[in-house]
Amino acid sequence: MEIKPLKMGETEARIPLIQGGMGVGISLGGLAGAVAKEGGIGIISAAQIGYREPDFDRNPKEANLRAIRKEYEKARSIAPDGVIGFNIMVAMRHYEEYVQAVADAGADLIISGAGVPTDLPRMVGDRQVKLAPIVSTEKSARLILKYWKRKYDRLPDLLVIEGPRAGGHLGFTRDQLAAYGYGEAGDGCGAGCEGGYADEVTRILAAVREYETEGGRKIPVALAGGISGREEAARAFALGADAIQVASRFVTTYECDADLRYKEAYLKAGKEDVILVKSPVGMPGRAIRNPFMERVMRGERIPHTPCHGCLHKCDPANIPYCITDALISAAKGDVENALLFCGADAWKAERLETVKEVIDSLLPESV
């Protein structure tokens with residue numbers, strides 16, 4: 001497998017690997033900086049990034065904006081010459097303000113999904129930051145490519161295709177997941193398997209090539225979701241991807257920003273423990289079964305703190321639990337009372353590793 005650097009215009013990562021953004025508090029400056037230092041692209045999640053700030057309960061937006069710069073500066077101190085970006089969900093309240101804060105901080109890249117980032121080019125204006133929308137279907141890819149080209153005369157600097165075996169919130173309905181054969185843990189065969197979602201990837205890549213021809217430049221594509229080892233990485237590149245995006249493998253690294261007990265929950269999980277769940281805003285997601293999630297699945301409503309203004313579609317008066325509370329508990333290591341988001345292959349983790357060990361195991365012939 002020949003490994004080439006990932007080029008986004010003048011920005012280049014020596015290793016074509018993106019560490020996926022994981023919120024709340026799982027991929028912050030420490031993990032992102034470590035990945036960037038090794039030559040990959042380190043991604044900080046902006047989702048409730050300020051949860052450790054003293055005023056987070058009173059002023060979550062201000063706390064998050066402050067933490068964006070802090071975590072970026074931390075990552076940059078670790079990897080002065082590395083490629084460092086942020087993942088910002090379209091579904092977040094104050095999305096535009098977070099986008100602008102990230103761009104002003106000096107980030108190299110913004111990856112944005114959980115909705116269609118139609119107006120992301122307008123939000124960054126002339127700031128020098130690369131833009132990478134996340135798509136899961138040919139329809140969403142064509143929508144963003146056409147809209148950006150027509151309205152802003154701009155094409156993505158990178159396109160991330162996130163498949164149905166990813167962790168956290170998924171860009172698919174349960175019916176779509178079942179149709180692709182990835183409904184539960186162990187289904188399917190990872191990113192780029194024959195048939196199933198691989199056909200959708202091929203269609204997305206074809207759409208990208210059309211716009212490359214029209215725009216006269218390369219649009220690199222990263223494939224994400226269920227890439228946990230060398231075999232899955234090889235399939236992704238064989239399909240035509242220019243890079244891979246990997247998240248869950250980096251949770252069980254020494255450098256990951258999460259509490260050790262969160263990492264140990266991955267190490268203890270069995271294949272049968274990785275399940276599909278329903279988030280408070282109705283979106284399907286993938287997580288580790290634990291006492292908290294069993295309570296939710298029995299229909300219990302979990303008391304929560306006052307609203308921290310995270311997602312647009314959240315109705316605090318009627319939610320079964322608060323996703324911010326549950327994810328903060330995860331990051332802090334209270335794993336019995338937490339939402340433990342994970343990818344489909346999280347159960348395969350057997351030990352803590354360094355970031356370098358993970359990268360080498362995925363891309364053994366890296367440049």
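In this predicted model, strand β1 (residues 6-8) supplies the largest share of the lining of the second largest pocket, three residues. The space in this pocket amounts to about 240 Å³. Its lining is made up of 16 residues, and Lys4, Pro5, Leu6, Lys218 and Asp242 are the closest to the centre. By residue type, the lining of the second largest pocket holds eight nonpolar, seven charged and one polar residue.

The nonpolar interior comes next. In soluble globular proteins, nonpolar side chains tend to be buried together. The largest nonpolar core here counts 113 residues. Within this core, the residues that touch the most other members are Leu17, Phe86, Ile88, Phe250 and Leu339. Helix α3 (residues 95-105) gives the core its largest share, seven residues. A second, separate core has 16 residues, among them Ile41, Ile111, Val160 and Ala222.

Leu17 has contacts with several parts of the chain. Beyond its neighbours within four places in sequence, Leu17 is in contact with Val35, Gly40, Ile41, Ile244, Val246, Phe250, Ile359, Leu362 and Leu363.

Helix α3 has its own set of buried residues. Tyr95, Tyr98, Val99, Ala101, Val102, Ala103 and Ala105 are buried in α3. The cover over these buried residues includes helices α2 and α4 (120-124), together with strands β5 (83-87) and β6 (109-112). Just after α3 comes Gly106, with a positive phi of about 110 degrees.

Aromatic pairs were searched for across the whole structure. Such a pair of rings is described by the distance of the centres and the angle of the planes. The search finds four pairs. One of them joins Phe172 and Tyr197. The ring centres of Phe172 and Tyr197 lie 5.7 Å apart, with 85 degrees between the planes, and the arrangement is edge-to-face. This pair links distant parts of the chain, 25 residues apart. Phe172 sits in the loop between β9 (168-169) and α6 (174-180), and Tyr197 belongs to helix α7 (residues 197-215). Phe172 and Tyr197 are both buried.

Phe292 and Tyr321 form another pair. Their planes stand at 90 degrees and their centres are 5.2 Å apart, so this pair is edge-to-face. Again distant parts of the chain are linked, here 29 residues apart. Phe292 lies in helix α11 (residues 291-297), and Tyr321 in the loop between α11 and α12 (323-332). Phe292 counts as buried because its relative accessibility is 4%. Tyr321 is also buried, with a relative accessible area of 1%.

Glu53 is in the loop between β4 (41-45) and α2 (60-78). Its relative accessibility is 13%, so Glu53 counts as buried. Setting aside residues up to four places away in sequence, Glu53 touches Ala63, Arg66, Ala67 and Lys70.

Leu340 occupies the loop between α12 and α13 (355-362). At 3% relative accessibility, Leu340 counts as buried. Neighbours within four places in sequence aside, the contacts of Leu340 are Tyr262, Ala265, Arg286, Ala287, Ile288, Asn290, Ala330 and Val335. Leu31 lies 309 residues from Leu340 along the chain, and 18 Å separates the C-alpha atoms of Leu340 and Leu31.

The backbone was examined last. Most residues other than glycine have a negative phi, and most peptide bonds are trans. The peptide bond from Gly23 to Val24 is cis, with omega near 5 degrees. Val24 is placed in the loop between β3 (17-19) and α1 (29-37).

His94 is not a glycine, yet its phi is positive, at about 65 degrees. The residue sits in the loop between β5 and α3. With a relative accessibility of 34%, His94 counts as partly exposed. Ala114 too has a positive phi in a residue other than glycine, near 55 degrees. Ala114 is found in the loop between β6 and α4. Its relative accessible area is 35%, so Ala114 is partly exposed.

Notes
Residues numbered from 1 in each chain as written. Predicted model: local features only at pLDDT ≥ 70, side-chain atom pairs only at ≥ 80, totals over all residues. Heavy atoms only, no water. 1 Å grid on protein atoms, 1.4 Å probe; cavity = no way out; pocket = protein on both sides within 12 Å on 5 of 7 lines; lining within 4 Å. Points joined across faces, edges and corners; volume = space filled by probe spheres on them. Helix = DSSP H or I, 4+ residues; strand = E, 2+ residues; numbered from the N terminus. Nonpolar A, V, L, I, M, F, W, Y, C, P; charged D, E, K, R; others polar. Core = buried A, V, L, I, M, F, W, Y, C linked by side-chain atoms within 4.5 Å. Buried < 20%, exposed > 50% of the residue type's maximum accessible area, 1.4 Å probe, protein only. Contact = heavy atoms within 4.5 Å. Phe/Tyr/Trp six-rings, centres within 6.5 Å; stacked < 30°, edge-to-face > 60°.
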